[in-house]
Amino acid sequence: MFGGLATPSSGSPHLRKSGSRVVVSDIGGELIHGVEETPLNSFDTEQMKAMNPAAIMPSPTALWRFKVLLLFSWGFTCCKIGWDSVMRMSVNLRDLFLYEAFLYYNPLLLVTLMVWLWGINLWVFSQSNIGYAKIFDLDQNHLSHREMWKCAMWMTIVVPTSMTAYLYLYSHGEVSLAASQPVLLYTVVALILVFPFDIFHLSTRFFFLRTLWRIAFPLQAISFCDFFLADIFTSMSKVFSDLERSVCRMVHRQVATIAWFEADSVCGSHSVAIPLVLVLPYIFRLFQCLRQYKDTGEKTTLLNALKYSTAVPVIFLSALKYHVFPEKWTSFYRPLWLLSSVFNSLYSFYWDVTRDWDLSCFTRIFLFAKPSIFSYFLYGRRWVFLWVIGSNLILRCTWTYKLSAHLRHNYLTVFTITALEIFRRFQWAFFRVENEWNKTNPKSSIQLSALSDISSEEDKLLPSNHSV
């Protein structure tokens, strides 16, 4: 019968040879015995595996470990060369040498930090239910968080490498070659940004440049992307100020020279361009608020404009220290500067908490579509609420230090405070985007609220010692 086990006779040619392996195949319901696996078949199988490219390529984990090891080796090499170069300088010139190096490279280092953090923002948005592409009106070719991290990785490699070359060449007497390093780096960055061909993410670069134009000239209706990027620029006003001073020295050929040591020189620390560049992001944001009031007639936009106008006295009263008598500064202008600083910090903090954020849905952005350890530690936790509120208040107050031109003597402190302000803006972005998403998608907000209520009710029903 079909399907039965057939036993071949002793004279059957299908009897297997001694030492061979029985191979059973099911074809048409019949069982066939005795097909011998020859050495030729085994050789063909091994040869096919060897010819498969996937079998030759290393595993993604091994490749990732190799990249991390290479990155750490490169970082250690840059730190070693940079430290040895600084130690070669005389003690009297060492601080001025480092100050100039930081002036040229800290703007791009801080921009690199911002790109890294923005990649984290995009990753959280993609993991949660926040449609950030719809909020920012992005097309299908917008950069994902992985592509953003790739850009940040290249910036992390290129900028410190150029800085290490500058330190090494300057300390070894190659002054002209050292002076060319920051000039070459800034030129390459500018060319990549405006490159008109379809490479280096052309659509993203065009979108960024178009948004810059809309921020500088708010002649049209203000979109969410316009004022969101303008808010980020206010946190980077010190970056733009140092960028202006660096470009000024490059244009006037003062790189790696002693001409810039003079405070009253065209690119010195007393230049009138410093407060002007510091105040520009706040002026742009002020004009945006006025434009919004013209379009919508909402009085809250005027109150928001008042918030940005409070930064103007902080900046210009600080700059007056270099242009008035010391007695006049101590008795009159410094108390005004302190008063305006406190008012600006408290008003900005109040606006962040009550207007830019919605405390009723403060941590729902960390409710990921696929729960993970990261979302477990952040979603619905009270410590997140306390941390963000407390750190925002403290960093709002310390940011006044950066807006003040007469408090710039310790460049490491200034760099640290600027980096902390960028971190504060990184935290702010989560809840600002979430608040906008809840406004534009009320159904999503209602669903999240219902889900949160259900989970809280389940926690109440289950006793603390209940185990499943």
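Residues 1–37 keep a pLDDT under 50, and the model gives this stretch 28 contacts beyond four places in sequence. The structure is a predicted model. The mean pLDDT of the protein chain is 79, and 77% of its residues reach 70 or more.

**Overall make-up**

- The protein chain contains 18 helices and two strands.
- Of the 468 residues in the protein chain, 39% are buried.
- The protein chain exposes about 27,500 Å², and carbon and sulfur atoms supply 68% of that area.
- Among contacts between residues at least 6 apart in sequence, 69% join residues that are at least 24 apart.

**Annotated transmembrane regions**

- The unreviewed UniProt entry places the feature "transmembrane region" at residues 66–83, 103–125, 151–171 and 183–200.
- In the model, residues 103–125 are 100% helix and 0% strand, and the end C-alpha atoms of this span lie 34 Å apart.
- Residues 151–171 are also 100% helix and 0% strand. The end C-alpha atoms of that span are 30 Å apart.

**Nonpolar cores**

- The largest nonpolar core has 41 residues, of which F125, F228, I365, F366, F430 and V433 touch the most other members.
- Two or more residues of this core come from each of α4 (91–127), α5 (132–135), α6 (145–171), α9 (224–235), α14 (326–356), α16 (382–403) and α17 (411–440).
- Helix α17 gives the largest share of this core, with nine residues.
- V433 shows how one of these residues is surrounded: leaving aside neighbours within four places in sequence, V433 is in contact with F125, I130, I135, F136, F224 and F228.
- A second, separate core holds 23 residues, including F102, Y105, V255 and Y411.

- A search of the whole structure finds ten salt bridges.
- R424 is found in helix α17. Its relative accessibility is 0%, so R424 counts as buried.
- Leaving aside neighbours within four places in sequence, R424 is in contact with S235, D352, N392, L395 and R396.
- D352 and R424 form a salt bridge through their side chains, at 3.4 Å from N to O. This pair links distant parts of the chain, with D352 in helix α14 and R424 in helix α17, 72 residues apart.
- Both partners, D352 and R424, are buried.
- The pair belongs to a network of salt bridges that links D352, R396, E421 and R424.

- D231 forms a salt bridge with R285, and the closest N and O atoms are 3.2 Å apart.
- R291 forms a salt bridge with D295, with 3.1 Å between the closest N and O atoms. Both residues lie in helix α11, four residues apart, or about one turn of the helix.
- D295 is partly exposed, with a relative accessible area of 37%.

**K307 and its surroundings**

- K307 lies in helix α12 (residues 300–309). With a relative accessibility of 4%, K307 counts as buried.
- Leaving aside neighbours within four places in sequence, K307 is in contact with N344, Y347, S348, W351 and D356.
- The C-alpha atoms of K307 and L286 are separated by 8.5 Å, and the two residues are 21 residues apart along the chain.

Note on methods. Residues are numbered from 1 along each chain as its sequence is written. This is a predicted model: local features need pLDDT of at least 70, side-chain atom pairs count only at pLDDT 80 or more; totals for chains, interfaces and linings use all residues. Side-chain values use heavy atoms; hydrogens and water are left out. UniProt positions are given in the numbering used here, feature names are shortened, and annotations may be inferred rather than shown by experiment. A nonpolar core is a set of buried Ala, Val, Leu, Ile, Met, Phe, Trp, Tyr and Cys residues joined through side-chain atoms within 4.5 Å. Buried means under 20% relative accessible area, exposed over 50%, partly exposed in between (1.4 Å probe, protein chains only). Contact means heavy atoms within 4.5 Å. pLDDT is the predictor's confidence in each residue, from 0 to 100. A salt bridge is a side-chain nitrogen of Lys or Arg within 4 Å of a carboxyl oxygen of Asp or Glu. Accessible areas come from the Shrake-Rupley method with a 1.4 Å probe; for residues, only the protein chains shown count as cover.
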